[in-house]
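Subject: Structure for your review

Dear colleague,

Please find below the structure that I am handing over to you. My notes on what was found in it follow directly after.

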Amino acid sequence: MKIAALLAENARKKVHTEKSSRMTRKARYLSLAYLSPSLIGVLTFFVVPFMVVVYYALVNNPVQAEFVGLSNFISVWNNRAFQRAAENSLLFSAIAVPLAVVLSLLLAVVMESKIPFKSRFRTFFLSPIMVPIASVVLIWQVLFHFNGIVNEWMRMIGAGKIDWLKSEYALIPVVLLFLWKNLGYNMILFMAALSSVPGDLIEVAALEGATKWQIFYKIKLRYLSSTILFVAIMSLISSFKVFREVYLLAGDYPYDSLYMLQHYMNNTFNSLDYQKLSAAAIIMSLVIIVLFFVMYKAEDIYGKDVEG
Amino acid sequence: MTKRKKRIIGNIEIGIGTLICAFFAVLFLAPIILTITNSFMSAQEISANYGTVFATTQTGGRVFISKTVTLKFIPDMVSFTQYINVLLKSPEYLLKFWNSVIYVVPIVVFQLFVAALASYGFARYEGRVRSIIFFFYVILMLMPYQVTLVPNFLVSNWLHLTGTRWAIWLPGIFSPFAVYLLTKFIRKIPYSVIEAAQIDGASEWQIFSRVCMPLCKGGIFSIAILIFIDYWNMVEQPLILLADDELHPLSVFLSRINAGEISLAFAVAVIYMVPPLLMFLYGEDYLVEGITYQGGIKG
């Protein structure tokens, strides 16, 4: 359910409960008790220390604690390693996210048609979600090593060998691993959205002689628009987490083109440079917050557009 | 267009669709199946097949060397030696496997417990303050480890938890993911059900434990599966929070497998994917439901 709709519905419920019952106030406090374990935990482990992170980012060092404004941010921003990590991460996202959206939409559309063995296929497409990356990394190494299978195939078709994991091409195996892991997840989201397209609308369109392509383009895609954006942003966010795959494939010190933001963070952790660490964390959290608000706004707009 | 023509076109479409699905199914399954079949090869066969690959790696010398690489789906001779070696002769893998279990099980159980209470608090009475808090939970949930590990690391240091299992457990237990998803499930319960319970004189706790939770059983299963895979797969947290390799889960350890033990690696990899795959076989529909519920702002 969309968040805006949720809020509206809850506003209605609220009015309802306040009118109908005099125990509201008591229950309100009681429900706060239900929230408290989680709230205490989240405050202790995330919110309060994050405030300290903000503080660290604004002072020159924790001991002297002299306010230095944005200079920590500027020095992280101008740091060559941070720039390289950010470029790599963005390049990865720019390649992986569109593929993750388009391919999973293709799968969802195909899965919606009348093909046989549908539930088998669904199981197959979902299984990578459950398989730990660490388990399949071995196969990826066998495939993409300099003396690996893919290069063997390349040799057969007469192309030159490429050192997949240690060259500018290193993003390709990682993109493939990312897609392998994430397509099923996106496909499920698209399938759920496709099944919510009103059937009578499609029937009417078909009766009036619309081709399948027209139905897809003019009706389904319109209903899917908010899901497409949602899937795109979720894929973007999970593409920020691709360090896991890279680390398992290439270790702590991967080839330059695989040096991701988390590598930068790990190195900064090792040198215990709290100022840089905090500033970098804040820069990244701002990116996420912006993405969140884009999603939030878009759900408002698209939601109204489609649901009327 | 005649009916016959239409039917032919329809059949062609189904044919193409099936081909696309089959193609992707092969791509998706091949790595899993290869890992499994390779785990039944003897050490000699592994080195004969992949010698050149693992002879040179980033982690230093690996022993076996062979000139050619061959990708084999079916072992020449099915052998259980790798499994026997893992299970009987190399206890460190089992210890790391146990580490993974020790991390994941409490996190799944207690994250769900904390989340059950909290999501009831969120879903039952909504006020402005609560909406704002929920909003923060969603944003927090979306943050990648690059961000959340910094505050986690600070708290662990203050509380002297760094290097102990608590450094992994506590942030995991209070992670807002389950709260977010379970709130969505509880909100799907028709209000009339709760009202009926109220009229029958049920207390707040009874509504929570006897009405809401039983109705969300499916949701709780779904979330349990999602939390499980997330933490079964964990890599980032132990690297930062646990200096001692002894405490590392198998996910991290597997990537640093020792020189000369590469033939064991496939067997370990298979053992590692058995628990989540079993969960998948029994809970595929729950998994799908859990993912579907993340539609709309997962965030």
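The contact between the chains draws on 91 residues from chain A and 86 residues from chain B, where two residues are in contact if their C-beta atoms, placed from the backbone, lie within 7 Å. On the side of chain A that touches chain B, the largest share comes from helix H2 (residues 24–58) of chain A, with 18 residues. Helices (H or I, at least four residues) and strands (E, at least two) are DSSP runs, numbered from the N terminus. By class, that side of chain A holds 63 nonpolar, 19 polar and nine charged residues. Here Ala, Val, Leu, Ile, Met, Phe, Trp, Tyr, Cys and Pro count as nonpolar, Asp, Glu, Lys and Arg as charged, and the others, Gly among them, as polar.

Please note that this is a predicted model, in which local features need pLDDT of at least 70 and side-chain atom pairs count only at pLDDT 80 or more, while totals for chains, interfaces and linings use all residues. Residues are numbered from 1 along each chain as its sequence is written, and chains are lettered from A and ligands numbered from 1 in the order in which they are written.

Chain A

The secondary structure of chain A consists of 13 helices and zero strands. Of its 308 residues, 42% are buried. A residue is buried if 20 or more other C-beta atoms lie within 10 Å of its own, exposed if 12 or fewer, and partly exposed in between, with C-beta atoms placed from the backbone. Among the contacts in chain A between residues at least 6 apart in sequence, 73% join residues at least 24 apart.

Two residues of chain A may be of interest. A:Lys276 is located in helix H13 (residues 274–307) of chain A, and it counts as buried because it has 24 C-beta neighbours inside 10 Å. Leaving aside residues up to four places away in sequence, A:Lys276 touches A:Asn72, A:Val76 and A:Thr268. The C-alpha atoms of A:Lys276 and A:Tyr56 are separated by 8.8 Å, although these residues are 220 apart along the chain.

A:Tyr55 belongs to helix H2 of chain A. A:Tyr55 has 13 C-beta neighbours inside 10 Å and therefore counts as partly exposed. From C-alpha to C-alpha, A:Tyr55 and A:Phe67 are 9.0 Å apart in space, and twelve residues apart in sequence.

Chain B

Chain B has 14 helices and zero strands. Buried residues account for 47% of its 299 residues. Among contacts in chain B between residues at least 6 apart in sequence, 77% join residues at least 24 apart.

Axes are lines fitted to C-alpha atoms, for helices over the stretch in contact, and angles run from 0 to 180 degrees between N-to-C directions. A crossing is left-handed if the near helix is turned anticlockwise from the far one by less than a right angle, and right-handed if clockwise.

The axes of helix H4 (residues 91–124) of chain B and helix H11 (residues 217–232) of chain B come within 9 Å and cross at roughly 145°. This crossing of H4(B) and H11(B) is right-handed. Among the residues making the contact are B:Tyr103, B:Ile107 and B:Gln111 of H4(B), together with B:Ile223, B:Ile227 and B:Tyr231 of H11(B). In total, the contact of H4(B) with H11(B) has twelve nonpolar, two polar and no charged residues.

The axes of helix H1 (residues 3–38) of chain B and helix H14 (residues 262–293) of chain B cross at roughly 120° and come within 8 Å. H1(B) is therefore oblique to H14(B); angles under 35 degrees count as roughly parallel, over 145 as roughly antiparallel, 65 to 115 as roughly perpendicular and the rest as oblique. The crossing of H1(B) and H14(B) is left-handed. In this contact, B:Thr35, B:Ile36 and B:Asn38 of H1(B) meet B:Phe266, B:Ala269 and B:Val270 of H14(B).

Finally, helix H6 (residues 145–158) of chain B has twelve of its 14 residues buried, so it is largely enclosed by the rest of the structure. The buried residues of H6(B) include B:Tyr145, B:Pro151 and B:Phe153. H6(B) is followed by B:His160, whose phi is positive, near 55°.

With kind regards
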